[in-house]
Amino acid sequence: MQDRPLDRREFLKRTGYLAGGVAALGGAGALAWRAGAQPPMVLPSQSKPGNFSDLHIRLVMAPAAVSLFPGTPTDVWQYTGTVISGRSRQLEPIPGSYLGPTIHVARGNRLRVRMENALPEATITHWHGLDVPEDQDGHPRFAVLPGEVYNYDFTVNERAGLYWYHPHPDMRTAAQVVKGLAGLIRVTDEHEAKFDLPSGEYEIPLVIQDRTFDSNNQIAYAPGALLGYLGNQVLVNGFPALTKTCRTRCYRLRIINGSNARTYKLAWADGTPITVIGTEGGLLEAPVTRPYVMLTPGERLDVWADFSAKTVGSQMILRSLAWTPGGVGGGGQAPVNGAAMTIATFNIAAAASEYRSLPPYFGDFETLTLDQATNAGAPRIFQISYILSGGQPVWLLNGAVFDMNTTLPNENMPRNTVEVWEIRNTLASPVMPHPIHFHGRHFQVLQRIGPTGGANLTAYNTVNQGFINAAWKDTVLVMPGETVRLLVRTSDFPGLYVYHCHLLEHEDMGMMRNFRILA
Ligand code: C2O
Ligand code: CU
Ligand code: CU
């Protein structure tokens, strides 16, 4: 168990929140990235669930160095893995990246992980999106000291989808993730396998993160007091300026926002609508198209990209379009949250004959309805608020700061029950967008009640065509002035879990609370 290293106020001081600190900009070295560097990410082309089995791995969290730019290597913290038992190709490292290995499992597989903390500070690992027993979930109270081990053993019982793992110690999640600690968990199942979706080299993970590097190629981390860490360049899969060489055929893009604080408004630069087939909790009932899709920290998107009608020699560029965060969310050092940025470039370099077309319907999707909810007339309300505590800015969830072991009355809920939860981001000022995440259980967005006027409405109108609501989700963007109603089926695992803002600096400052699933 972790000794509490410092109190929260001391923490806020040391990490520079109080200075409202902004990062010193990287020098020319930070811009001299290896243009066109391509991560050799190849998922197993034989991806049928029957080819997966139970897996036991060792995951070491340790300092390392990666060569991101010419000159000095970049110091990072990294997960590295080895297979103890199971099929070795179910653990897939990303050569040259600071990201941890991708864990491949099928629904129903048992996953055992021996996590070794070789960092100079306490840590614990959370399996974001997986519904697991409370001692398996990476709650901060289970953090282990340097040199210690935490053994995980659980069954992956999620729908096929892209999940991820990252550290979760109290007050140090943001700093540990920004140094590189994160990895993917790709879950497959029999239902997904029926659709023969693009796989192998045609299934491309895109882990989107932003970082600022100093003139010596080191990660410069000095988050803003209100806005968290906004890096000045986008990395994908741990590589600056990602370019992929593609063919004239269909691709499946598995996209995750692994950034600390930056939300993206994803769109094709040429105006082609974006086709979404899945979200955090797996495939939608049927594909949807949008002019753009919002992707806030923690969220995932499964995108169908059809390059079959493109000409050889052309490019498709995935961009984040400009949008307005509203409230106090738009400041900070350039590029601000909401600034336009290039995410990845796909060079259509060769012809291919394509036999696939977009499946019109996936099915196997249980739509939750309001009449299933036991509290349909009286939603469980979680208000977002803000206080100055001794002159320090602190964002709050449910009116209180994080406390390791306690819950408030509305944070105790029955197990395996459908309820309506309402997240309100409706207080006057200050206000900004927050990505709210619940551990353990996926939800569907029942209703979004947007702002009705003023600057909040102006901001809302820059994002509101980019939400996927009829979907299994575990993280939701709540805009200034907005109330989001969720339908959730609570976990069947009793115990103490957390929900929090996935803007990681907000989580660390205490915008996190426990909830308890009652036995
Ligand atoms: Cu990805 Cu508690 O978070
Ligand atoms: Cu989580
Ligand atoms: Cu927040």
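The following legends describe close-up views of a predicted model.

Residues are numbered from 1 along each chain as its sequence is written, and chains are lettered from A and ligands numbered from 1 in the order in which they are written. Because the model is predicted, local features need pLDDT of at least 70 and side-chain atom pairs count only at pLDDT 80 or more, while totals for chains, interfaces and linings use all residues; side-chain values use heavy atoms, with hydrogens and water left out.

**View 1. Protein donors of the copper ion (ligand 3).** His434 (ND1), Cys501 (SG) and His506 (ND1) are the protein donors and lie 2.1 Å from the ion. Donors are N, O and S atoms within 2.8 Å of the metal (3.2 Å for Na, K and Ca); water is not among the atoms, so sites may look incomplete. Along the chain, the donors of this ion follow the spacing H-x66-C-x4-H. Cys501 and His506 are both buried, where buried means under 20% relative accessible area, exposed over 50%, and partly exposed in between (1.4 Å probe, protein chains only).

**View 2. Protein donors of the copper ion (ligand 2).** This ion has His126 (NE2) and His437 (NE2) as its protein donors, lying 1.9 Å from it. His126 belongs to strand β6 (residues 125-128) and His437 to strand β26 (residues 434-438), so the pair ties together parts that are 311 residues apart in sequence. Strands (E, at least two residues) and helices (H or I, at least four residues) are DSSP runs, numbered from the N terminus. Both His126 and His437 are buried.

**View 3. The largest pocket.** The largest pocket holds about 460 Å³ of space. On a 1 Å grid over the protein atoms alone, a pocket is an open set of points with protein on both sides within 12 Å along at least five of seven lines, a cavity is a set of points where a 1.4 Å probe fits but cannot get out, and lining residues have an atom within 4 Å of a point. Grid points are joined across faces, edges and corners, and a volume is the space filled by probe spheres set on the points. Of the 19 residues that line the pocket, Arg107, Asn157, Glu158, Arg159 and Arg441 lie nearest its centre. The lining comprises four nonpolar, six polar and nine charged residues. Here Ala, Val, Leu, Ile, Met, Phe, Trp, Tyr, Cys and Pro count as nonpolar, Asp, Glu, Lys and Arg as charged, and the others, Gly among them, as polar.

**View 4. The largest cavity.** Seven cavities of 30 Å³ or more are found in the whole structure, and the largest cavity holds about 90 Å³ of space. Its lining has 14 residues, of which Met294, Glu299, Gly466, Ile468 and Lys473 lie nearest the centre. The elements giving two or more residues to this lining are β18 (293-295) and β19 (300-306); β18 gives the most, with three residues. The lining divides into seven nonpolar, two polar and five charged residues.

**View 5. Pairing of strand β22 (residues 380-389) with its partners β25 and β23.** Strands β22 and β25 (residues 418-424) run parallel and are joined by four bridges; two strands pair if DSSP finds at least two bridges between them. Ile381 stands opposite Glu422 in β25. With strand β23 (residues 392-397), β22 pairs in the antiparallel sense over six bridges, and Ile384 stands opposite Leu397 in β23. The hairpin of β22 and β23 has two residues between the strands, and Gly390 takes a positive phi near 55° in this hairpin.
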